[in-house]
Amino acid sequence: MRAIKAILLRNLTAFSRDKMRFFFTLFMSGFFLFIFSFVMKAAATGIAAPMNYLISGIIIMTVFQSALNNSMNIIEDVASGFMKEIMVAPIARWQISLGQIASATVISVLQGMLIVIIGLFIGLKLDLFHFIMMGVVMVVVGVTFASIGLYLATLSKNSSTFQVMISVIAMPLTFLSGAYIPTTVLPGFLRPVIYLNPLTYTTSAFRSIALEMDGMTEAAMLHNGTAFDIGGFIVTPHIALTIVVLIGILFFSLCVQRFNRADFSQVKVFHRRHR
Amino acid sequence: MSKIIEVRNFTKAYGDQLAVDNISFDVDEGSVFAFLGPNGAGKTTTINTLCTILEKTSGSLKIAGHDVNADKAKVRRDIGIVFQESTLDSNLTVEENLALHCDFYNVPKEEVRERIGFALDLVGLLDWQKAMVKSLSGGMKRRVEIARGLVHFPKVLFLDEPTTGLDPQTRANIWDYICTVQKQKNMTIFMTTHYMDEAEICDKVAIIDHGKIVAFDTPSHLKRMHTSDIVKIKTSDGIGLQEYLRKNGIAFSEKDNVFIVQSGSITATLELLSRWKDSIIDFEVHKGTLNDVFIAITGKEIRK
């Protein structure tokens, strides 16, 4: 427990000291918030509470990106050599993973909450119950994508190409998740990609809360893109959330397994950069 | 004396390249042990395997009775490591780095403050506790790493090239710190270095070249076995001395009445000097060094 807490606090300290990084992540989210809420408003026609629809997508993408990036920060620890200090310490490998994932989750949820608060000023409408529910889903999403990020980081052989690779993969997944552009307006041939994209389910689960769709019919959910009909099987937001949790568990176990055998001494580092 | 490190037939291969080739050795508890050899000889590979971050290809390695591959957690608790490269968190202060280390090694909470003070005092950095690591000089960072390696009182402290790239004064200081704490805590020190003079303080050295141990002994015994004293004599009686050296079969070279004589022992040196004391204008005695031992054994100068 002590080691997990120590890793968590160390990562939070590092994050709080890196003012530029904090500013730029916030700036990015703010930028998307501005662009999509004002420019894309027209695309969300026919949906009740369009601001909730759009802002919820931006919030959850912020959480996703922040969780992914912050857990991948271990690449920088590998580059700076600090990873070796952790690897030779008498800490169980699952504790290292958990500390790393916990800190990425805390940071991403805080950022998500910040967007919620900004959102409240520009048209997001929420009651307390749904606000708390949002928080819970943010934690689930944070843990899942921090696990994925950490797993990917343990696979990397080369820090700079790895970061480029992640941006290249994350970008289309973000746009094919329905977070910014409703999946219902995307062309049909992209369906398989959309259904394979974990972000789709993330967005669906989160958005259903933002839209307060607790009692909505399946047909209505299919219409606004928070439920999906995959070959006759209806994926409701509840199932979507379950899928996200399962993905999270899968990648967390993979992380621990990787950490048990990880040999970070072979990672090549060409330059360090801030994200 | 009990053996704290036991290595038997240890081999490590990268692909078909043998980095360490079937080596065996023991290290006594409470001793200072050095691995000498050029870069790429297999020193770091051995240290990293002993430190549980590299898997062996074959053989058996034990620290304090625990197998390094099977009992990683127990081995990790017993060792401290100062790596070749910096492994500090530069975004934290000196104190935070050490406190983090104490958390990792489960140092009793009530002792943490005192131990950090002890370790930083030892390396002379008590006044720098609150400084950010990134603001320190290279030598200071090294000292922080050493303090950190000591703060959990390990049974064995590994030092992989701890003084590479440091100025001579800092190097000397670092060895002072290490020796002080070694004596205080009866710690075993396992170090690698390619500075031969640094290995003189060791109880035992192993010379490793191309993945094999080519010599394993005390520094003084190695020097006695593999080197001879060199006596440089300037004399006014060149002909007489030359004749004497020839007659006694002592190896020498001569130029302008300056003789370079190889002497087998101190007694022989004293005898030579006292016999010719009337005609000797000047003399110097060079003792053999570990570097000479290395050249004698491997047939080449240490590659840096």
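I began with strand β9(B), which runs antiparallel to strand β10 (residues 212-217) of chain B, with five bridges joining the two. Strands here are DSSP runs of E, at least two residues long, and helices are runs of H or I of at least four, both numbered from the N terminus. Two strands count as paired if DSSP finds at least two bridges between them. I found B:Asp209 opposite B:Lys212 in β10(B). Two residues lie between the strands of this hairpin, and B:His210 takes a positive phi near 50°.

**A note on the model.** This is a predicted model: local features need pLDDT of at least 70 and side-chain atom pairs pLDDT 80 or more, while totals for chains, interfaces and linings use all residues. Residues are numbered from 1 along each chain as its sequence is written, and chains are lettered from A and ligands numbered from 1 in the order in which they are written.

**The other partner.** I then looked at strand β3 (residues 32-36) of chain B, which pairs with β9(B) in the parallel sense over four bridges. B:Leu36 stands opposite B:Ile207.

**Buried or exposed?** How many of the six residues of β9(B) (204-209) are buried? I counted five. Buried means 20 or more other C-beta atoms within 10 Å of the residue's own, exposed means 12 or fewer, and partly exposed is in between, with C-beta atoms placed from the backbone.

**Where the chains meet.** Last, I found 19 residues of chain A in contact with 22 of chain B (C-beta atoms, placed from the backbone, within 7 Å). On the chain A side, α1(A) gives the most, with seven residues.

How values were computed:
Contact = placed C-beta atoms within 7 Å.
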